[in-house]
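Thanks for coming. I will go through one structure, and you can follow along on the screen.

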Amino acid sequence: MANLKADQLGESVVKEPSMMTGAVPAKDWMDTPVKFKPGNFCYPAKQNIHEYHQKSLSGVIGGTPREFSYEDDDWKLPENWQEIILNGLKERLGKFRSLKVFMDCCVRCGACADKCHFFLGTGDPKNMPVLRAELMRSVYRNDFTTAGKILGKLAGGRPMTVEVLKEWFMYYYQCTECRRCSVFCPYGIDTAEVTMMGRELLHLVGVNTNWILEPAANSNRTGNHMGLQPHTFKDNIGYLCDDIEEITGIRINPTFNRKGAEILFITPSADVFADPGIYTAMGYLLLFEHLGLDYTWSTYASEGGNFGLFTNNELMKKLNAKQYAEAKRLGVKWILGGECGHMWRVLHQYMDTMNGPADFLEVPTSPITGTRFDNAATTKMIHISEFTADLIKNGKLKLDPSRNDHRTVTFHDSCNTSRGMGLLDEPRYVLKNVVNNFYEMPENTIREQTFCCGSGTGLNTGEIMELRMRAGLPRANAVKHVKERYNVDTLSCVCAIDRATLSALMEYWNPEVGVCGVSELVGNALIMDGEKERETDLRFTPLAGMEG
Amino acid sequence: MQISDFLQENGEIQDRWIDRALATYPEGGVAALKAQKDRFANPIGYNIRHALTSLYKHFCGTVELEQALVALEDLIRIRAVQEFSPADAVSFLFLLKNAVKEENSTKKTAAEALGLAEWLAFEQRIDEIALRTFDMYMDSRERVFKVRVNELRRGTDNVVCPSALMRREDNKQTTVEPINIHSSHEAR
């Protein structure tokens, strides 16, 4: 009978194991084990990728390279894995003062609890940032505090067991290190750093994901995530120039690895080789040509992104080092960086102390406007949006925003550029000068409070597509609002990972909305000297009034 | 009594129904999903309240079915990517029957209660909407699979420039190859 079935359904969903993780409710969270099933975890690194990293970073990427699945009971951990984790935690508590403070100072006020997009998309309490950090804090209390050593569980401690390790893997890979929670924390606890430490510790015992380690290996070996060799990198930019010529009538011949150039330009390889990043790259090419900028691309520093950030601080440092090394080799004055998210977290917060000081470079000064970017006085590297906004402010660009009239645009603040470096107004200033139809999403979903795309920190892999869709729900929900209210059809951003992940996110939640970089819209609007009449945008889509 | 009058006179049924639908989420998180009313700060809570309220109003006779179905589809789109089984994803609809039946059983007089014919007609209307939710659920699932396949395809292009992408779109019909999305181990 229908009602009996309904009773059973209602009963089962409340009293049976959690559908999110298999955890059984009505028990203390510490006693609720996680359950791995297809779709809720990333695949482990392939054996050869794991081996490659072990050779190049001994002691950082630990464990035994092996074939296994996280669905297996036995993860084939090293025999002394527990000792490795606890020693690793001890080392990090001593080395990173922030970690020690974050372990001690939380008062469980709950301000962060409903601020995480993973919690808002799953309803799973272990995705509340406070509880996610508690997964590690409980072990810290148990082994590193007097109260915990004596009182154990009574003092909120618990021993490091295989179940705890599995829980760490489940939830430290359901955090994109977006730091939205930290905006609301009265103590400024940066849960992203807790996740970073969680992932570092997991790497010590060989618990990892292929989606992160393979691009990191490619980056280490060939200089970029996609594993593009120099000739391929150069060729593909050549193909973009061919299409630019067809669209605008202007032939651009960019230089590569040119010694003595004033500026080195570095952007994520996805801008050179992935849809829709390529249109953003076409925007860069047009902008630099418009200015007659003395700059060069590099096939060695051919990756702005840095998957080391999602792995381990030592790998991050190693992958980042090539940027200054290349700047030094080429003898440039300063570095200009393209549209990327996590690249800018690394540059803004870590590069200076990891691989600096870059005292062989000069404080970035725009050769066009003379503006000196003292905000980058130590890193010597500025963001393309800062550079472009300054050009517009000084009236140096010839723009026709009506060439973007076939688009109604909103802007997604990337977590890293907004919360990580405070880049809030520059992209908006650029947008308002290159498009006529621009609308903001609701206030509590943009700027410092922006919602993550849901797939950052190396979570943009296909095997967890449903997880990505629910993690991206808060962002997609805000886009849906401006789509319905203002007919927004274009979601712009300044992040290469966003361009990839938001494309998938929109395809599910708001199929009528496309994704683009801000520089693509700049490229559409730029009036180039000697250009032919433009009939299409950079995607060969007819401009407004040119549809016939 | 007519079902529309019964539901209007016993408005607490709607709140009970919403509470039970929220209770399909893991125990420790429900309070937060219930407390935050801002639609952008709490999309799950908002969409549950919005969809269930729209349906309730439909049964009260104040909202058109098509309008209620739009809200329902938004909710199903969410639940289709959360880790519910297909049955659990749409189970909340049937919880309204329970809530109405419980309320009806407390009525002392025939004038206050629903007649058998009214009850059977109401049940049938819910069942008809439930059938529509299966379509919505499957549409969402198929969309996830397409998103996954399309992303995989975007990552396997050898030459990526606008003209090449246009050529790919033109040749789409002939270039689609069978992909077992359940067993493929994607990597860059």
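Helix H3 (residues 81-95) and helix H10 (residues 191-204), both of chain A, have axes that come within 9 Å and cross at roughly 140°. This is a predicted model, where local features need pLDDT of at least 70, side-chain atom pairs count only at pLDDT 80 or more, and totals for chains, interfaces and linings use all residues. Residues are numbered from 1 along each chain as its sequence is written, while chains are lettered from A and ligands numbered from 1 in the order in which they are written.

Axes are lines fitted to C-alpha atoms, for helices over the stretch in contact, and angles run from 0 to 180 degrees between N-to-C directions. Helices (H or I, at least four residues) and strands (E, at least two) are DSSP runs, numbered from the N terminus.

Back to the crossing of H3(A) and H10(A), which is right-handed; that term applies if the near helix is turned clockwise from the far one by less than a right angle. The contact takes A:Ile84, A:Ile85, A:Gly88, A:Leu89 and A:Arg92 from H3(A), and A:Met197, A:Glu200, A:Leu201 and A:Leu204 from H10(A). Contact requires C-beta atoms, placed from the backbone, to lie within 7 Å. By class, the contact of H3(A) with H10(A) has six nonpolar residues, one polar and two charged. Nonpolar covers Ala, Val, Leu, Ile, Met, Phe, Trp, Tyr, Cys and Pro; charged covers Asp, Glu, Lys and Arg; the others, Gly among them, are polar.

Next, the sheet. Chain A has an open sheet of four strands in the order S2-S1-S3-S4, with parallel pairing. Strand S2 (295-297) and strand S4 (381-383) of chain A are the edge strands, each pairing on one side only. Pairing needs at least two DSSP bridges between two strands. From one strand to the next, the twist averages 30°. Strand S1 (residues 263-266) of chain A runs parallel to S2(A), joined by three bridges. In S2(A), A:Trp297 is the bridge partner of A:Phe265.

Now the interface. How many residues of chain B are in contact with chain A? There are 50, and they meet 57 residues of chain A. The largest share of that side of chain B, nine residues, comes from H8(B). The side of chain B that touches chain A divides into 25 nonpolar, eleven polar and 14 charged residues.

Last, confidence. Chain A averages a pLDDT (the predictor's confidence in each residue, from 0 to 100) of 93. Residues 1-26 of chain A are below 50. Where pLDDT is low, predicted coordinates should not be read in detail.

Key. Two residues are in contact if their C-beta atoms, placed from the backbone, lie within 7 Å.
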